[in-house]
Amino acid sequence: MESITTWIGVLNGWVWGPPMLVVILGTGLFLLIGLRLMPWFRLGYGLRMLWSGRRGHGEGDITPFNALMTSLSATVGTGNIAGVGTAIAIGGPGALFWMWCTALVGMATKYAEGVLAVKYREVDAKGNHVGGPMYYIKNGLGRRWLWLGAAFAVFGAMAGFGIGNMVQANSVADALHSKFALPKAWVGGVMALLVGLVLIGGIRWIAQVAGKLVPFMAIAYVLGGLVVLGLNAEALPGAIVQIVEYAFSPTAAVGGFAGATVMMGIQMGVARGIFSNEAGLGSAPIAHAAAKNDNPVQQGTIAMLGTFIDTLIICTITGLVIMVTGAWTSGETGASLSAAAFGAGLPGVGGYVVALGLALFAFTTILGWSVYGERCIEYLFGVRAILPFRLVWVAAIPVGALVKLEFVWLVADTLNAMMALPNLLALLLLSPVVFRLTREHFARA
């Protein structure tokens, strides 16, 4: 096990090295410039499309609103709590600044993914609308690129068991065990049962659950964070200055914080930003392909809201709470750092906000990622593979609740990068299609 961990650690350091950071941010920046900053200027338009998308306007399986909620159910998870805590604990306060940058260019990436998902989707043998990177590679780039679509599906299916299943189950079990002394095996078993009951109904049931749970849990968590920020309002300007200052200068050791270089802050900010909002991974377009929307651009503007909500709102709340309470110098990391910050800001209550928020976030992430993994498996092996996949997916939850967290995080992080590469290449090659559809749509509008 030690040798495996060491080998994966070396691979992780390579795939998340400077070249990968340049590829992710560079792709987003290229798309943003090619779109003439449209994702920033059309944010209000996207919100209007989301509101009107509570009812479908075309072929598909779920409403455009629930497509975003399904996407958010997969992205709003441990990355918003444990991921932010890890980024700041290792990379310093400046890591939050680089998470913001990742999100700002990631909005263009997520928009392009949403456009291509609807443009190149298919209807499978069961009558479901299926899409995502493997389908826009297959239908947009042609047969000679089929190997790239297959590579994404393989990495996506494998990554799902890390980022979307075992990491989430592990984090929930750890949080509930620490706060409520609940046995980890019991927590894993209950989560497996609940997930199994929802998976019976496929993406339609998952979308219905996500459409109810995601808005509730996100609003509740944000309100809790805003209360902490309100109670520590005098420390807020200084915290923002520190975040920007340490983004461009090394963070000195202070308290329990060991210090961090600028590169470490950039690497942690980008890696945890991508882990949280998944812009560029190619996961979200799998959900958006099922939307009852025949207009790729409209669904793309809805898709880009996922990155805005996940990182620029929810992750920012977590990061600022960690900063204004001074918890970032405590020596804690991950979810423990976020819990310590909320506990300091809301004595007696804050720890429960984080524990319950983490449990709900992670539960919906397991549901959302089950859709992604299922679609990848279906692309590779056909619809007959769906039931076996669901059984294995549910069985992995209690296992994830009991395994060592560090190893699971390492594997999930590595697989994230591996599935992002085929998707980013496809986005670059198909960018002319995205630019053309965008120009035509807004010219008509």
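This is a selection-by-selection tour of a predicted model.

Residues are numbered from 1 along each chain as its sequence is written. Because the model is predicted, local features need pLDDT of at least 70, side-chain atom pairs count only at pLDDT 80 or more, totals for chains, interfaces and linings use all residues, and side-chain values use heavy atoms, with hydrogens and water left out.

**Confidence**

Colour the chain by pLDDT (the predictor's confidence in each residue, from 0 to 100). The chain average is 91, and 100% of the residues score at least 70. Confidence is lowest in helix α1 (residues 2-15), with a mean of 83, and highest in helix α20 (residues 431-444), at 97. Helices (H or I, at least four residues) and strands (E, at least two) are DSSP runs, numbered from the N terminus.

**The largest nonpolar core**

Select W16, Y111, L116, V195 and Y372. Of the 149 residues in the largest nonpolar core, these touch the most other members. Helix α17 (residues 350-381) supplies the largest share of this core, 14 residues. A nonpolar core is a set of buried Ala, Val, Leu, Ile, Met, Phe, Trp, Tyr and Cys residues joined through side-chain atoms within 4.5 Å. Buried means under 20% relative accessible area, exposed over 50%, and partly exposed in between (1.4 Å probe, protein chains only).

Stay on W16 and show its contacts (heavy atoms within 4.5 Å). Leaving aside neighbours within four places in sequence, W16 is in contact with L21, I24, Q267, A271, I274, D413, T414, N416 and A417.

Next, go to V433 in helix α20. V433 is buried, at a relative accessible area of 15%. Which residues does V433 contact, leaving aside its neighbours within four places in sequence? They are L116 and Y120. V433 and L116 are 317 residues apart in sequence, yet 8.3 Å apart in space, C-alpha to C-alpha.

**Helix α6**

Select residues 78-91. Helix α6 is largely enclosed by the rest of the structure, because 13 of its 14 residues are buried. After α6 comes G92, with a positive phi near 85°.

Most residues other than glycine have a negative phi. Select R36, in the loop between α2 (18-34) and α3 (38-41). R36 is not a glycine, but its phi is positive, about 55°. Then select E278, in the loop between α13 (262-277) and α14 (284-288); its phi is also positive, about 60°. Buried or exposed: what is R36, and what is E278? R36 is exposed, with a relative accessible area of 66%, whereas E278 is buried, at 1%.

T307 is in helix α15 (residues 296-324). T307 is buried, with a relative accessible area of 0%. Beyond its neighbours within four places in sequence, T307 is in contact with A103, G106, M107, K110, N277, A279 and L312.

Finish at the second largest pocket, which holds about 210 Å³ of space. Of its 14 lining residues, V214, P215, A218, I219 and I309 are the closest to its centre. The elements giving two or more residues to the lining are α5 (64-75), α11 (202-231) and α15. The largest share, 5 residues, comes from α11. By class, the lining has 14 nonpolar, no polar and no charged residues.

On a 1 Å grid over the protein atoms alone, a pocket is an open set of points where a 1.4 Å probe fits, with protein on both sides within 12 Å along at least five of seven lines; lining residues have an atom within 4 Å of a point. Grid points are joined across faces, edges and corners, and a volume is the space filled by probe spheres set on the points. Ala, Val, Leu, Ile, Met, Phe, Trp, Tyr, Cys and Pro count as nonpolar, Asp, Glu, Lys and Arg as charged, and the others, Gly among them, as polar.
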